[in-house]
Amino acid sequence: MNEFAIERYLNRIIEEREQGEKEKYVSPYFPEYVREVVPDMGLDERVSQLTTEQIERVIKRVIGKQTARLKSIIETCMHCGLCSDACQWYISNDRDPTYAPVAKIRMTLGEMIKRNFKVDPEFIKFCARVVFTECNICHRCSMYCPFGLDITAIIRLVRRICFILGVVPQRQLDQAQTHITFLNQVWLSQNDYLDTLFWREEEGIYELKNLRIPIDKEGAEILWFPLGAEPKTGVDHIDRFAKIMAVAGVDWTMTSKDTWDSSNMSMFINDYFTMERIVRGLYENAKRLRVKRIVLTE
Amino acid sequence: MEEKIDWGTKEKVIADINSWKGRFIDIRELTPSHDGEKIAAIVQPETRKFTLCINGKLQENLFDRMYSLRFNLENQPICLVYADFQWTVLVGDTMWENGFDMMWNLTLSPDTKSIAVNIRTAEMTSGVCLNDVPWENTFFEASDVVISPDGKRTASHVQIRQREELNIHWFYQKNFTVAVDGKAWDNSFLTTWGATFSSDSQHVASVVMTSDAATYSIAVDGIPWDKEFSGCWEPIFVPGTLDVIAPVETPRGWTLAENGAIIWPYFHQVYSPKVSPDGKRLAAIVVPEVGKWTVAIDGKPWKNIFNQMIFNPIFSPDGSKVATIAKHNNKYLVVVDDKVWPDSFENAWDPVFSPQGDKVALRAEKKGKFFIVANGKIGKTAYEWLWDPIFSPDGSKILIRGIENGKYVRRVLSIDEI
């Protein structure tokens, strides 16, 4: 989000506060769950295309054989509240119990199991809101649980269910889709990526004489994978990196092939196979070029 | 093509590469010809002007950008070049007539007589140009061109509909497919990758994402297998047949499937399958336990297990042997038929079999120097850089192409002389 977008966002919040109460969303499944209405194409529009049968099939696919284990995790919880005190969402929302980690898994996966996977599309939208917008997958709740119950793992399974059903907040779904189709997080085509590397080498020579951005240099010491945004919107990062490597006298290269983006946004929606494709792609590039080390932007 | 190689001259110093360093702003993609008689590089004789330097002699044309230098088996250099805001292909000292807004993925047929490149047109559409003939149809995007074994056909993954920024519904319209010779398959998919031609050059197989964002299959000529999986790696055709094999992920683990039917045991991971040239044996990288890699032949893993990485298995020409490189305890090892050679290296390249399959040679790095390693023995000469060794047709000699004391040398030695 650039500074203008942040300013617009803050202005909107101030305006809304001045105008008084916003429209509220009350969960039809858990009346104590009351939130502001936040329109999002990824939640509101995708869900309209689902059927109960389709949802049931996907839940079974994701958790089918683990159902008993997951149910026992949820039922083992003795409501000690330690996970809640570990959760920044719970703490920062006046200790509202609907933000408690255990509530999040009971209201989502717990309910799916309780209803024998027969839940309606609106329920999936509710689950997507909880697991994508009210949990950061920080894992603190799991660390604090005296029984070692992996609450986060359950949240992630619900995220996977929502992802396969296509009910994910718009921005997050967009990034998942670009990783699936282009193996980078910014929809950058092979030709645009390479074109950018040539362009940045040409721009860079004005700041460092004879700057070079080596492409596919076999046997280099370092293979650098930028973050997707760098060749797309932060293009000067490419020549900055080249300058640092040149001044440091490092033998380095970039790849001409796909999986040049070191980010793995697929991890946040538990798209397991795309996660594997990305990691394998990074290693295949390193193998092909026989480099000694991989350096990633973060 | 090997007949054209001079197997009689034991040693030739072709060019003093160190002297080039004083002549040019930089030297890129230093590349020897197949016969070892030429050494070429993309050089920058003046600021932001590039040309080829071959055996110390500069070509006349200067370009603004150049990359992807290689030689064909006729020992002509081939390179992507850019001048006057257009990319084209340079073969020898002749340029293609067609020029494009962007060219990438320079690909040669096995006999190197055909050249295929992905192209972007001035209208910002993409496709393929084969031997200076562009596809009649272009697409919103094209990627990863592949060329048929006979060099007459090309295929590329293509995007068939214009994307709308942040329109998450667009993805579900199935906007990707494979185009062969410029004609898109009738079926389109959520995504596709890993296209490959059959040995008769008539058919193409590819990984496809089918019904939802977690369902994959293999499509052959646009028709998906009747089985779907939670993951598939790149398919291969069995030589001389239309049978397609691909690693697939099932609830029981990863395995290999042939035309959709499971044909191997299950592992934590299976990838990079290779079929022997006679089509009788099948090798692949397998992961028998988490964090451990090896090669399995016909479903049976080697006894040696490696703890960091394994490279693709390589069959001997007669299909009787399999060699690969493994990384274990931060050292690179050469493994032939499950036997690990005694020396370890800081880096090692793909093993090369002699035509008879009885000898194996490769280039490897040890203590910052590069050596030819043949049949388990490290060569006497330390080089500053090496390229892959080439065996003579009778397998008795090896052509070595390397940099020694700043000079490019070609040597022809028997295995005993190395």
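Let's start with Thr250(B), which lies in strand E24 (residues 244–250) of chain B; helices (H or I, at least four residues) and strands (E, at least two) are DSSP runs, numbered from the N terminus. At 14% relative accessibility Thr250(B) counts as buried, where buried means under 20% relative accessible area, exposed over 50%, and partly exposed in between (1.4 Å probe, protein chains only). Leaving aside neighbours within four places in sequence, Thr250(B) is in contact with Phe229(B), Thr255(B), Ile262(B) and Tyr266(B), contact being heavy atoms within 4.5 Å.

A word on the ground rules: this is a predicted model, in which local features need pLDDT of at least 70 and side-chain atom pairs count only at pLDDT 80 or more, while totals for chains, interfaces and linings use all residues. Residues are numbered from 1 along each chain as its sequence is written, chains are lettered from A and ligands numbered from 1 in the order in which they are written, and side-chain values use heavy atoms, with hydrogens and water left out.

**A buried glycine in chain A**

- Gly228(A) has its place in the loop between strand E3 (222–225) and helix H13 (229–232) of chain A.
- With 0% relative accessibility, Gly228(A) counts as buried.
- Not counting residues up to four places away in sequence, Gly228(A) touches Gln185(A), Val186(A), Trp260(A), Asp261(A) and Ser263(A).
- Take Trp260(A): Gly228(A) is 32 residues from it in sequence, and 7.9 Å from it in space, C-alpha to C-alpha.

**Where chains A and B meet**

- The contact takes in 49 residues of chain A and 63 residues of chain B.
- About 4,900 Å² is buried between chain A and chain B, and carbon and sulfur atoms give 53% of that; buried area is the accessible area (1.4 Å probe) that two parts lose on being put together, summed over both.
- Phe273(A), Arg280(A) and Arg290(A) supply 16% of the area that chain A buries against chain B, more than any other three residues.
- There are 12 salt bridges between chain A and chain B, a salt bridge being a side-chain nitrogen of Lys or Arg within 4 Å of a carboxyl oxygen of Asp or Glu.
- Asp212(B) and Arg61(A) meet through their side chains in a salt bridge, at 2.8 Å from N to O.

**Aromatic rings**

- Over all chains, the structure holds 33 aromatic pairs. Rings of Phe, Tyr and Trp (its six-membered ring) pair if their centres lie within 6.5 Å; planes under 30 degrees apart count as stacked, over 60 as edge-to-face and the rest as tilted.
- Phe273(A) and Tyr216(B) have ring centres 4.8 Å apart and planes at 70°, so this pair is edge-to-face.
- That pair crosses between chains, from Phe273(A) in helix H15 (residues 272–289) of chain A to Tyr216(B) in strand E20 (residues 216–220) of chain B, and both Phe273(A) and Tyr216(B) are buried.
- Trp170(B) and Phe176(B) make an edge-to-face pair too, because their ring centres are 6.0 Å apart and their planes stand at 85°.
- Trp170(B) is buried at 1% relative accessibility, and Phe176(B) is buried with a relative accessible area of 8%.
- In chain A, ring pairs link Tyr25(A), Tyr29(A), Phe30(A), Tyr33(A), Phe123(A) and Phe126(A) into a cluster.
- Arg115(A) has its charged end over the ring of Phe123(A), 5.2 Å from the ring centre. A charge sits over a ring if NZ of Lys or CZ of Arg is within 6 Å of the ring centre and within 35 degrees of the ring normal.

**Strands and hairpins in chain B**

- Strand E2 (residues 27–32) and strand E3 (residues 39–46) of chain B run antiparallel and are joined by four bridges; two strands pair if DSSP finds at least two bridges between them.
- The hairpin of E2(B) and E3(B) has six residues between the strands, and Gly36(B) takes a positive phi near 80° there.
- E3(B) and E4(B) are joined by five bridges and run antiparallel, with Ala40(B) having Ile54(B) as its bridge partner in E4(B).
- Five of the six residues of strand E4 (residues 49–54) of chain B are buried, so E4(B) is largely enclosed by the rest of the structure.
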